[in-house]
Amino acid sequence: MTPFSAPSSTAYAGVVRASAWYDLVVTAGFATPWTYGLLHGALSSVGEALGLGALPAQDPTQILYANLMGSVVVVWAVLRLVGPLPVHGLYDGVARTLFAAWQAYALTHGGPRLLWLFLVVEIAFGAAQLVPWLSGRRTGTTGGPAVAARP
């Protein structure tokens, strides 16, 4: 038996889908070297216009890691759009906690201030997906294992 039960409301499935749409829209441009080049330029322009600074110059290693992250997040987003199980929200909330930690680390070590915009969204979606698992307020569960519950 698990120490907590899965949220099973359609509202929770909506949060899982909304976070997936956000990820798909925001990270699709990171998935290929060509789209990342365009996105890098656009994000640098936005950062400069907002007074947050430009992104560092591109290099092959940065492009590789951006493409790896973009590819994995796009696949993860599609999975959550096609089948937004409550456990997907739990795992996504954990992943967002990790992403937020690494973004905060980068910000405290001279990373581009443009990261603040992404950090706020990571924290918001992370909390929206984790709090229902951790709080005493449940919307109901199935009779099976909590992590396999469908919305």
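**Figure 1. Order of secondary structure along the chain.** Read along the sequence, the predicted model follows the pattern α-α-α-α-α. The chain holds 5 helices and 0 strands. Of its 151 residues, 37% count as buried. Among contacts in the chain with a separation of 6 or more, 73% join residues 24 or more positions apart. The chain exposes about 8,400 Å², and carbon and sulfur atoms supply 74% of that area.

**Figure 2. Helix 1, residues 10–27, from end to end.** Helix 1 has 18 residues, and at 1.5 Å a residue it should span 26 Å. The C-alpha atoms at its ends are 25 Å apart, which agrees with that expectation.

**Figure 3. Buried residues of helix 1 and their cover.** The buried residues of this helix are Tyr-12, Ala-13, Val-16, Ser-19, Ala-20, Tyr-22, Asp-23, Leu-24 and Thr-27. Each of these has a relative accessible area under 20%, and therefore counts as buried. Their cover includes helix 3 (60–82), helix 4 (86–108) and helix 5 (115–134).

**Figure 4. The largest pocket and its centre.** About 890 Å³ of space lies in the largest pocket. The pocket is lined by 31 residues, of which Phe-30, Met-69, Phe-99, Gln-103 and Leu-115 are the closest to its centre. Rolling a probe the size of a water molecule over the atoms shows where empty space is left.

**Figure 5. Lining of the largest pocket, by element and residue class.** Helix 1, helix 2 (33–49), helix 3, helix 4 and helix 5 are the elements that give two or more residues to the lining. Helix 3 gives the most, with 8 residues. By class, the lining residues divide into 22 nonpolar, 5 polar and 4 charged.

Figure 6. Ala-95 lies in helix 4. Its relative accessibility is 26%, so Ala-95 counts as partly exposed; that class lies between the cut-offs of 20% and 50%. Ala-95 and Gly-126 are 31 residues apart along the chain, and their C-alpha atoms are separated by 8.0 Å.

Technical notes. Residues numbered from 1 in each chain as written. Predicted model: local features only at pLDDT ≥ 70, side-chain atom pairs only at ≥ 80, totals over all residues. Heavy atoms only, no water. Helix = DSSP H or I, 4+ residues; strand = E, 2+ residues; numbered from the N terminus. Expected span 1.5 Å × (residues − 1). Buried < 20%, exposed > 50% of the residue type's maximum accessible area, 1.4 Å probe, protein only. Contact = heavy atoms within 4.5 Å. 1 Å grid on protein atoms, 1.4 Å probe; cavity = no way out; pocket = protein on both sides within 12 Å on 5 of 7 lines; lining within 4 Å. Points joined across faces, edges and corners; volume = space filled by probe spheres on them. Nonpolar A, V, L, I, M, F, W, Y, C, P; charged D, E, K, R; others polar. Areas by Shrake-Rupley, 256 points an atom, 1.4 Å probe, with all protein chains shown as cover.
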